[in-house]
Amino acid sequence: PVILSHTINAGCNLSCAFCPYSKLRGGEMSTREVKLLLSEAREMGVMVYNVWATEPLMRADLPECLDYAKSLGMTTSMITNGLLLEERVDELVDVVDFLSVSLDGIECYEELRGADVQDVLNGVRAARQRGMGVLLNCVINERNLDELGGLVFLAHELGCTISFEPVAEYEQIPKSTWDVLGIRSYERYERAIDELVELKRRGFPIMNSYTYLNMIKTLKPAFRCHVDELFLHVGLDGKVVCCRERGLELGRVSDGLKSVWQHSRQRRKEISSTCEGCLSFGYAESSMALGGNIEVMRSYGRYL
């Protein structure tokens, strides 16, 4: 695997209706356990350590964990909602290589996330002032279709890049939520994606490839998934999975990461080959790049 993606903490300072992770509960790994995990992952050849769910900035020892990963020669990445970013940015400057902040809109942000968007923007500005590169990530849904172009202009103004992905309608979330947030206005949605393609053509800082944008316009996956070769996900409870969308268990951290990876080869292939596909930005773009799509590689290379 190339990337270790770690659910590093339980609890979140938001409760977004469309997020299946906001109510995660369970014991977190201690600092020592995280360092042992990182050491084992690095010995396997893992190059990237990504911290995400539920909200990593709520974990006090986060900078220590990230610094340890860097000391092992790993590239560090963090996905955050950004509410605590301004408060903690000084701790992160030297330990986070790639910072991604979730931002799904301006006018509709409070409706979607239940917080003040200015708190997020203050954090983004603080990070930029400290010289940190920031990727804004927008989950496209029914409520923000008219704000996508504005978010691109905002990213340009802030000196950030921006990525988009359509909302995934998780089964564990009530249907009533998707009746409101699921993409239903298909003609408006297609026009919004066309606008993103045009803005990218004009040179605005949209990280997604044209290949990906044209694919999500149809809302139909059209790529061979390579998640089984690239990703290793570790959850709060020590469960190891190769795909967080399906959550199918490969083993436990206590079994040894290397052992889990080696003994799950057939299982991982089965998971990949039987999957109906998703439109996850990270999974789709990385899979297409590994599959040899030159346009995707160039789009990534421009920003990495």
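Student: Hi! Which residues touch the most other members of the largest nonpolar core?

Tutor: Good place to start. This is a predicted model, and its largest nonpolar core has 103 residues. Those touching the most other members are Tyr49, Leu99, Leu103, Leu136, Ile140 and Phe164.

Student: What does Phe164 touch?

Tutor: Leaving out residues up to four places away in sequence, Phe164 touches Asn137, Cys138, Ile140, Leu148, Val152, Leu196, Ile206, Asn208, Tyr212 and Phe281.

Student: Leu196 is on that list. Which residues of helix 8 are buried?

Tutor: Leu196 is one of them, along with Tyr189, Ala192, Ile193, Leu199 and Lys200. Looking down the axis of helix 8, the buried residues fall within an arc of 120 degrees, so they line one face. On the other side, Glu187, Arg191 and Arg201 are exposed.

Student: Why would one face hold residues three or four places apart?

Tutor: An α-helix has 3.6 residues a turn, so residues with that spacing point the same way.

Student: And what do the buried residues of helix 8 pack against?

Tutor: They pack against strand 5 (134–140), strand 6 (161–166), helix 6 (148–158), helix 9 (210–218) and helix 14 (294–303).

Student: How many residues does helix 8 have, and how far does it reach?

Tutor: Helix 8 covers residues 186–201, which is 16 residues, and reaches 23 Å from first to last C-alpha, close to the 22 Å expected. Gly203 follows helix 8, with a positive phi near 100 degrees.

Student: Switching to the sheet: what is the strand order?

Tutor: It's an open sheet of 9 strands in the order 6-5-4-3-2-1-7-8-9, and the pairing is mixed. Strand 6 and strand 9 (249–252) are the edge strands, each pairing on one side only. On average, neighbouring strands are turned by 25 degrees against each other, direction ignored.

Student: In what sense do strand 2 and strand 3 pair?

Tutor: Strand 2 (residues 48–51) and strand 3 (residues 75–80) pair in the parallel sense, over 4 bridges. Val51 has Met78 in strand 3 as its bridge partner.

Student: What about strand 7, how many bridges join it to strand 1?

Tutor: There are 4 bridges between strand 7 and strand 1 (residues 3–6), which run parallel. Ile3 stands opposite Phe231 there. With strand 8 (residues 239–241), strand 7 runs antiparallel, joined by 2 bridges, and Val234 stands opposite Val240. Strands 7 and 8 form a hairpin with 4 residues between them, and Gly238 in the turn has a positive phi of about 85 degrees.

Student: Are the faces of strand 7 covered or uncovered?

Tutor: Both are covered: Phe231 and His233 are buried on one side, and Leu232 and Val234 on the other.

Student: Which strands does helix 13 lie across?

Tutor: Helix 13 (residues 281–290) lies across strand 5, strand 6 and strand 7 (231–234), running at about 155 degrees to strand 7. Of its 10 residues, 8 are buried, so helix 13 is largely enclosed by the rest of the structure.

Student: Which ones are buried?

Tutor: They are Phe281, Tyr283, Ala284, Glu285, Ser286, Ser287, Met288 and Ala289. The partners they pack against include helix 10 (227–230), helix 9 and helix 14.

Student: Why does Ser286 count as buried?

Tutor: Its relative accessible area is 15%, and buried means under 20%. Ser286 is in contact with Leu230, Phe231 and Tyr300, leaving aside neighbours within four places in sequence.

Student: And which residue takes a positive phi just after helix 13?

Tutor: That's Gly292, at about 100 degrees.

Note on methods. Residues are numbered from 1 along each chain as its sequence is written. This is a predicted model: local features need pLDDT of at least 70, side-chain atom pairs count only at pLDDT 80 or more; totals for chains, interfaces and linings use all residues. Side-chain values use heavy atoms; hydrogens and water are left out. The expected span of a helix is 1.5 Å times one less than its number of residues. Buried means under 20% relative accessible area, exposed over 50%, partly exposed in between (1.4 Å probe, protein chains only). The arc is that of the directions from the helix axis to the C-beta atoms. Contact means heavy atoms within 4.5 Å. Two strands pair if DSSP finds at least two bridges between them. Axes are lines fitted to C-alpha atoms, for helices over the stretch in contact, and angles run from 0 to 180 degrees between N-to-C directions. A nonpolar core is a set of buried Ala, Val, Leu, Ile, Met, Phe, Trp, Tyr and Cys residues joined through side-chain atoms within 4.5 Å.
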